[in-house]
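Here is a briefing on a predicted model. Look at the interface first, then the pocket, the cavity and the salt bridges.

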Amino acid sequence: MSKTMRTIVLKIYKPSKIKRTIMDEAMLNYSKAFQYMLDKASNQIDAINESSRDKMGRYSANLILRWIDKDMMKELNKFSVEPFKDSLRIDFASALAGYLSLKAKGIKANYPQTFISEDESEEEYDKLLKNLTENTGSLSYIENKINKLINKSGKPRSLYFCRYSKIRNFCLLYNPDEDKYYAKVYLMNVKNEKRRERNISEGKKLIYISDDQEIYKENSGRKRYLLLPLSFGRWQEAYLKKAFGKPDMIKTARLTKKKDRYFLSINMEMSECSSTEYENYMGVSRGVRNAVNYSVVDKEGKLLFEGYLELSDQKSKSDIHKLANKLIIISQENKCQIIMEKLIRVGDGLKEPYLNYKNYNELYKIIKYKSKENALSEPIRVSGFGLFNTCPRCGISSKTNCFSNRLLMCTHCGMTMDIDSAGSLNLARKLIKYNKDAIKIITVSSPEGIKFVNDDIGFEYCPGNPYDCAEEFREKISTLIKSFYDNIEMESKKSGFMKKYSMIKKLEDHEDLFEVIKIE
Amino acid sequence: MSIFVDVDYSSVNKYKEELCGDKVEVLRNQDSVIVVLTDGLGSGVKANILATLTSKMIGTMLSLGASIDETVEAVINTLPVSKERGIAYSSFSVLQIYYSGECILFEFDNPSVIRLAKGNFMDMKKKCHNINGKTINESKFKVSPDDLLILISDGAVRAGIGNSLDIGWQWENVKKYACKIYRKDISAKNITKLLLSVCDNLYEKKPGDDTTVVTVKIKSLLQVNVMIGPPADRSLDSSVVNRFLSEKGKKIVCGGTTAQIVSRETGKEIITSINYIDHSIPPTAKIEGIDLTTEGILTMGKTLEYARRYASSENTVEDILNIEKEDGASKLTKLLVEESTSVHFFVGCAKNPAHQNPDLPLSLSLKLQLVEDMANCLKSLDKEVIIEYY
């Protein structure tokens, strides 16, 4: 059973002025400390680069952590980050590992800058203007830099909590009487004057979301943590309820601030159930009239039903999530294997589609992880080439089949169909067609006699008696398959490997190989 | 006679109507082929009667020797007009194609005939006549082999209204589609079937109006010669083969023994294919100088089945498309029903020893019956058929 991470975002419900101040201070301190580490690291970046690669040549956050020695840890105390020093180290190491990886790949990446104070940003602003007047930088470059400066100036980085714990970092609590949830976040050190003795009103019962479901008790003494009420939707609530039964699924969190509102983003580890066996195929394609069209066919390719789903003009991420949820439900109810278009290098030729490539690919990603959680097979992506000009009845694919950008009119069999429906139906039948498509073995005349050839799989066979060679033919194919797997490392480096591999698999999977080959 | 005029037509009735309000007449005489398409006003029985009366009138006059323009004038003068709608009770198109290639066309209130020359649309110059307040368009032009003339009724132009197309398929789009589907070897039947299939699909299988398509394809004469079975008298092998090979047109050999005889007499090798495209049909072979060499009875039996389905008035698009396959029976069917304008059978009457086994249901009479049935089927498709027995 594999695992996946899910992030749920919970809003901090109407924090008081003092709580806001505490959170702002904590995030500011965190950001300053983070930037301090970045500044230190930039002077030793070459050394860090050298020492932080693992045996496979990849940058490891764990190795970068070794650079952060005891002295540095002591220096960080000046930023009052004691409650989250561990988290800070891990967050920093991950960020730096990410930056070094990008650089190693040759991708253009600026050295990370997480925080700039308002004074520093003013200084930087003056420098940029000077560059402009002295013509040492282009207008667009300076404009870009100034925009980044505005975005970063005085704005803190989100505060990372690296573990779920009742006594440090963060955890969650539940009030059964009011059906409310709270976050307990450690933000203050022992010297912080804003610590309070009391965090909740008397008589309120809070239970830890933990294995022992311990009841929260307020002991004497001033607390280094805040208890923050949370607000969220039903979708997030479902996950919190899951966490109640299995608290170890809560891993890490981040405290963020956006437009004067505070959020706690919690990362949860989801165990995926093993997929249920599918009985049908569901093609989900882009549409012209609607956002997506879907067609459900049985394993023989017979259309069971079809439909479409609409989307608002905004096409926001949340809208696409809702679309994905609906498709998951249909797929679950009908035990479908979802098939979608692979819109990366090659398109589907659809004119004026409702969803652009980005939206559609986003939909795919969302369906991919939702399907794991819902015990469905991951969606399979296939080429979208020719999807909307292939006749679903006779299978002929031709640009002449497009009557208009909404209607398909086959020039081979006279079939007419809405292009949206044709696309999703063709998509739903793609795997069936692929499985049915025979591997062509060409017969050629040669001085030795008739030869059977297929260049894609590297097959060449000249039988003694071409009219009676079925057994020998089978043996030759078996030898070819064995040789392929014995030399798979070498084969994988050759061009056309994937095509050859899929053909070999097809030959292997069929008991009677003559069912999947066609001699021409 | 220098050209062959291949005519095919088909209709779909208005939804829930038993009778079609369109009528087609095809008249063949010594020097020309006349095609008449009439469209009765309204639908159902009344429209059928009106269309039939008009087409019969035209057909009778022409077959009794009247000229086309006299016929048209006579019909127009007598054609009643609906008092309510102010239009004639029937519209019509009359097309006469002489075997020399000269054509004359009269159109009254029907959508214009679509003319394609080698797949390209050709506009026709029209001369307008006003007879008794009605406008008749006359066109004169010349056609060549591979040219197409497509007559359609109003139902085709309106296909899709209220469904997938707001203002119907429209004449311009019918013309574009015809240009798209054109290929040199496409048959009149194929085109009729395709256009009608589109109309039926646009109407979502519930036609809003009677829809008829008539396709006229001009073809060069092509005789297809079929030698099936060895001669009863072995001493005639050489003369029969020589006669067969001396015939103009395409040559087909059916049967293993027959192929061996041809191979022996010509000195050309038989190259057998090992490709079983269809497991129920034996593979074909190749002999230099012969266009197609197939197995005998099984292939001919399958060919007859395909040909009957092709010729049937209830054929489907699949029946037409099936003969495009690569197996022996499909290839033979295509040559006989689509490519040929005449067919000459050379039927050998030798008894096949294998067929004399009482456990097998096959006999010489079966072969002869197959050929007879095939000949009848081909005649129904307006092919000229000759059978010679040896």
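How many residues does the contact take from chain B and from chain A? It takes 18 from chain B and 19 from chain A. The model is predicted, so to speak of local features a pLDDT of at least 70 is needed.

**Interface of chain B and chain A**

- The two chains bury about 1600 Å² between them. Carbon and sulfur atoms give 64% of that area.
- The rule finds 1 salt bridge across this interface. Its partners are Arg393(A) and Glu318(B), whose side chains meet at 3.9 Å, N to O.
- Polar contact joins 6 residue pairs between chain B and chain A, with both residues at pLDDT 80 or more.
- On the chain B side that touches chain A, three helices each supply at least two residues: H4 (171–181), H5 (188–202) and H9 (317–322).
- H5(B) provides the largest share of that side, 5 residues.
- By class, the chain B side holds 10 nonpolar, 6 polar and 2 charged residues.

**Largest pocket**

- The volume of the largest pocket is about 2000 Å³.
- The pocket is lined by 47 residues. Closest to its centre are Lys436(A), Asp437(A), Ala438(A), Ile517(A) and Lys518(A).
- Elements of chain A that each supply at least two lining residues are helix H12 (430–436), strand S16 (439–446), helix H13 (470–486), helix H15 (497–509) and strand S19 (517–519).
- H9 of chain B also supplies at least two residues of this lining. H9 of chain B likewise supplies at least two residues of the side that touches chain A.
- H15(A) gives the most to the pocket lining, with 8 residues.
- The lining divides into 24 nonpolar, 7 polar and 16 charged residues.

**Cavity**

- The count comes to 1 cavity of 30 Å³ or more.
- The largest cavity holds about 40 Å³ of space.
- Its lining consists of Ile22(A), Met188(A), Lys194(A), Arg195(A), Arg196(A), Asn199(A), Lys223(A), Tyr225(A) and Leu226(A).
- These residues divide into 4 nonpolar, 1 polar and 4 charged.

**Salt bridges**

- Over all chains, the rule counts 53 salt bridges.
- One pair is Asp6(B) and Lys219(B), with their closest N and O atoms 3.9 Å apart.
- That pair links distant parts of the chain, 213 residues apart. Asp6(B) sits in strand S1 (residues 3–12) of chain B, and Lys219(B) in strand S11 (residues 211–220) of chain B.

Conventions:
Residues numbered from 1 in each chain as written. Chains lettered and ligands numbered in written order. Heavy atoms only, no water. Contact = heavy atoms within 4.5 Å. Buried area = accessible area lost by both parts, 1.4 Å probe. Salt bridge = Lys/Arg side-chain N within 4 Å of Asp/Glu carboxyl O. Polar contact = N/O pair within 3.5 Å; in protein donor to acceptor, adjacent residues only side chain to side chain. Helix = DSSP H or I, 4+ residues; strand = E, 2+ residues; numbered from the N terminus. Nonpolar A, V, L, I, M, F, W, Y, C, P; charged D, E, K, R; others polar. 1 Å grid on protein atoms, 1.4 Å probe; cavity = no way out; pocket = protein on both sides within 12 Å on 5 of 7 lines; lining within 4 Å. Points joined across faces, edges and corners; volume = space filled by probe spheres on them.
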